[in-house]
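User: I'd like to learn how to read a few features of a protein model. Could you take me through them one by one?

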Amino acid sequence: MHRARPLAIAGALVAALLLSACGPATEPRVVPGTSVDVAWTGELTSVNAASTTGATAANRDLAAMTRGQFAIVDAEGEVLEDPSFGTASIASESPFTVRYDLADGVRWSDGVPVDAADLMLAWAATSNALSTPELDLASLRGLDGTLDLPDEAVWFDVADAGGLAHSTAAVRDDWARSIDVALSQPIPDWQQALPVAVPAHVLGQRALGIADPMEAKQAVLDIIDRADPLALHDLAEGWTSEFSVDPLAPQSDLLVSSGPYRIDAILDGRIELAANTSYVGARGAAIERFALQPVADDAAALAGLTAGELDVAAITPSDEDRAQIRDLERDDAAIALAGDGTRWELVLRTDRAPLQSVEARASFFHALDRGRATEEVLGERAQETTATDSILFRSGTRVYEYALEDAGFGAAFGGADPEASATERESMGIDAGTEVCVRYDNDQPFAAGYVEAMRAQAAEAGWAVRDCGVDDLATGLADDEWNAVLRLTRTPTTVEQIDQRWRGGGITAAESADRDGLLDEALATADQDALESTLLELETSLVSDALVLPIMEPSRMTIAAGEVQGVLPRPGPASLTWNAWEWGIESATPAP
C-alpha cells in the first residue's frame, strides 16, 4: 500500500474548548502505517453535499466518509442503522412524529459536540419549514445554479428534501440531544430523512461572525427559534454558499468531520483523508490514511492499477482491457461487478395504434428475446451486464426476489415465443407487417444495435420494427409519431422517484386510478413491510398491463488489490467508498 504524503492542512480548531462528553468505549481499529489509494473522478467543491450546487457525486463521496448518519442503505438495499451515531424512532403516529436522538459522546473532529443545534439546523434546511412559501425558484436561479434571493426571502437550497418536505414543526430537547420532527403524514424514508450535512457552529461562525463555537451554535438555535425572516435569510444563505471549498486554498474550519475520516490535505485535486481520532462510533476507520486520486478516465485508472500506483478503482472495461484485467486477477486482485444505477428498457406508448390494447402490447413483447438481443449487440461484454425482470426494483435486492414471485414478469415475458406472438396479433385483427416506430438516441450505439436485433426478432412474429432514432431524444418524444422508446434510465431508488415516473402513466400515457392510489399509499407509508407490499402491488399492475420491457443493467467493474479487504461495491449511484470504515489491509494488526 502507498503511504500518503504529509500535506496536512491546519490543525484542529478550538482544541481547548473540548466540551465533548466521554464517548462510548470502542476498540481501536486503526492500523498505523496503512494507506490505500483509490481512483476518483470529479473534484471536491463543497462540504455541504446536501445543497443543490454541492450535491455532486464527488462531494457525496467525501460526505460518505466524513459525516455520521442515522441510517444508510447497504449493498442489499436494506436500511442499515448506526445507533453509535444516533437513533431514529417513531415517537407518535398522530400527528406522525419522528424522534432523532444522538448517541452520547458524538462530536465533530474539532472537539465540538454534535447536538440538538446541528439537528435543528438539519431540519430547518432539509424541510424548509421556516422558509418563504411559494417562491419562484426557477426565476431566481442563475445560470451557474445559484439562487439570488431578495433580502426578505428565506430558502435553504437543499437538493432533495425527501419526506421532510412534509414536516410542519420540530421541538428539541437540548439535554437529551434530540429533536422531535412533526410531519403532516407518515413518510417512507423517515430513518434517513435528517442528514446532518454541516456543523451548526461552523455556520454560525461564518455566517454570523461569532468566533466562539458554542456561542455561534446557540445563535443558530436562537434564529431558528425566533423564525425571523431577515436573520433566517442570512442563515439560509450561509448554509447554501458558505461551505464551498477552494481546492487551492482550503480553509480548515470547513473540513471538520463527524465520520470515520477527516480531510487532511488537498493537492492537485488529490484528497487525502486521515482517520478521525475524535470519532467515537462503531464505524471507526481501520486504514490510517485514505487517498482519492483523480484519474482522467477508466483507461488511466486501469493503468494506475497495473503500475501499482492505485489500489482500488471502478471501471467500465473495453475489449482492449481484457489482458490487463486478466493479469491483475493473476496477481490476486479481487474483481466484482455491480450495476451502475441505470437500466435499459423498452417502453410502449398506449394512446395510439397499434399498441393501445394490453393484448397487442403483450404480443409485441412475446416476439422479443431480450438476452439474445443483448448478446448480439455486446458480444462477450454482455456477461458484464445484469439481466433484470423487474420494473421498479434493482436486481440483487430482497424485494427484487419478491417481485419475481408476485408480479411474475419472467413467466409473462421472459423469452420469445414467435408463434404465440403471431396468434395474439392476429386475434386482435392487427395485420402482419404492422409497424412499431421505436425512438432512441442516435448517440447510443447499444440502442442502435438493439433496435436492429429487435427488427429481426419481431419480423418472425409478423411485427415490423421501424428505426426511429433521433439526435435529440427529448425533442423526438415530444411529437406523436413514435410507438415505443428504447432508453437508458435511472433505476428508481426512492418512492418519490417511482411516483414521478409512473403517476398518470408517465410516458406510457396508461392512466390508472388504482396505480395512482397505490402511489399515494406508498408516499404516506412509514412501515417498511407495508411499503414493500404496496410497491409489489404496483409492480404487478405494471406487468399485467405490459407497459415496459426491462432489458438489462449495465455494470461497473470494481478492482481491488489483493491486500485490500472489505471493498463492497454498492449497486447504483452510491460512492465506491460508501463502506470505507469496513475496509482493511490484509495481515495488518490494529494497535493495542
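Analyst: Strands here are DSSP runs of E with at least two residues, numbered from the N terminus. Take T489, which is found in strand β17 (residues 484-490). Keep in mind that this is a predicted model.

User: Is T489 buried or exposed, and how do you decide?

Analyst: Buried means under 20% relative accessible area. T489 has a relative accessible area of 16%, so it counts as buried. Leaving out residues up to four places away in sequence, T489 touches G341, T342, R343, E345 and R501.

User: And what about G429, buried or exposed?

Analyst: For that call the cut-off is over 50%. G429 counts as exposed because its relative accessibility is 58%. You'll find G429 in the loop between α13 (418-427) and β15 (434-441). From G429 to A360 it's 69 residues in sequence, but 9.6 Å in space, C-alpha to C-alpha.

User: How does M454 read, then?

Analyst: M454 is in helix α14 and counts as buried, because its relative accessibility is 1%. Beyond residues up to four places away in sequence, M454 touches L346, F364, L368, V438 and V465.

User: Let's go on to cores. Which residues touch the most other members of the largest nonpolar core?

Analyst: The idea is to join buried nonpolar residues through side-chain atoms within 4.5 Å. The largest core has 81 residues, and Y100, L121, F290 and W583 touch the most other members. Helix α2 (residues 116-127) gives this core its largest share, 9 residues. Apart from that core lies another, of 66 residues, including A362, L473, L477 and M552.

User: What is L121 in contact with?

Analyst: Setting aside neighbours within four places in sequence, L121 is in contact with F156, V198, A200, L203, V220, I224, L235 and W239.

User: Now helix packing. What describes two packed helices?

Analyst: You give the angle between their axes and the distance between the axes. On the α2 side, A116, A117, D118, M120, L121, W123 and A124 meet K217, V220, L221 and I224 in α5. By class, this contact of α2 with α5 has 9 nonpolar, no polar and 2 charged residues.

User: At what angle do α5 and helix α6 cross?

Analyst: The axes of α5 and α6 (residues 229-241) cross at roughly 130° and come within 9 Å. So α5 and α6 are oblique to each other, and α5 passes α6 in a left-handed crossing. From α5, the contact uses V220, I223, I224 and R226; from α6, it uses A231, L232 and L235. These divide into 6 nonpolar, no polar and 1 charged residues.

User: And which way does α10 pass α14, left-handed or right-handed?

Analyst: First the geometry: helix α10 (residues 370-378) and helix α14 (residues 445-459) have axes that come within 9 Å and cross at roughly 130°. That angle makes α10 oblique to α14. The crossing of α10 past α14 is right-handed. R370, R372, A373, T374, E376, V377 and L378 of α10 make the contact with F446, G449, Y450, A453 and Q457 of α14. By class, you get 6 nonpolar, 3 polar and 3 charged residues there.

User: Last topic, the backbone. What do most phi values and peptide bonds look like?

Analyst: Most residues other than glycine have a negative phi, and most peptide bonds are trans. N128 isn't a glycine, yet it has a positive phi of about 55°. N128 is found in the loop between α2 and α3 (137-140) and counts as buried, at 9% relative accessibility. A546, also a residue other than glycine, has a positive phi near 50°. A546 sits in the loop between α18 (528-544) and β18 (548-560), and at 2% relative accessibility A546 counts as buried.

User: Where are the cis peptide bonds you'd point to?

Analyst: One runs from S94 to P95, with omega near -5°; P95 is in the loop between β4 (86-93) and β5 (96-102). Another goes from A353 to P354, with omega near 10°. P354 lies in the loop between β13 (342-348) and α9 (358-366).

Note on methods. Residues numbered from 1 in each chain as written. Predicted model: local features only at pLDDT ≥ 70, side-chain atom pairs only at ≥ 80, totals over all residues. Heavy atoms only, no water. Buried < 20%, exposed > 50% of the residue type's maximum accessible area, 1.4 Å probe, protein only. Helix = DSSP H or I, 4+ residues; strand = E, 2+ residues; numbered from the N terminus. Contact = heavy atoms within 4.5 Å. Axes fitted to C-alpha atoms, helices over the stretch in contact; angles between N-to-C directions. Parallel < 35°, antiparallel > 145°, perpendicular 65-115°, else oblique. Left-handed = near helix turned anticlockwise from the far one by under 90°. Nonpolar A, V, L, I, M, F, W, Y, C, P; charged D, E, K, R; others polar.
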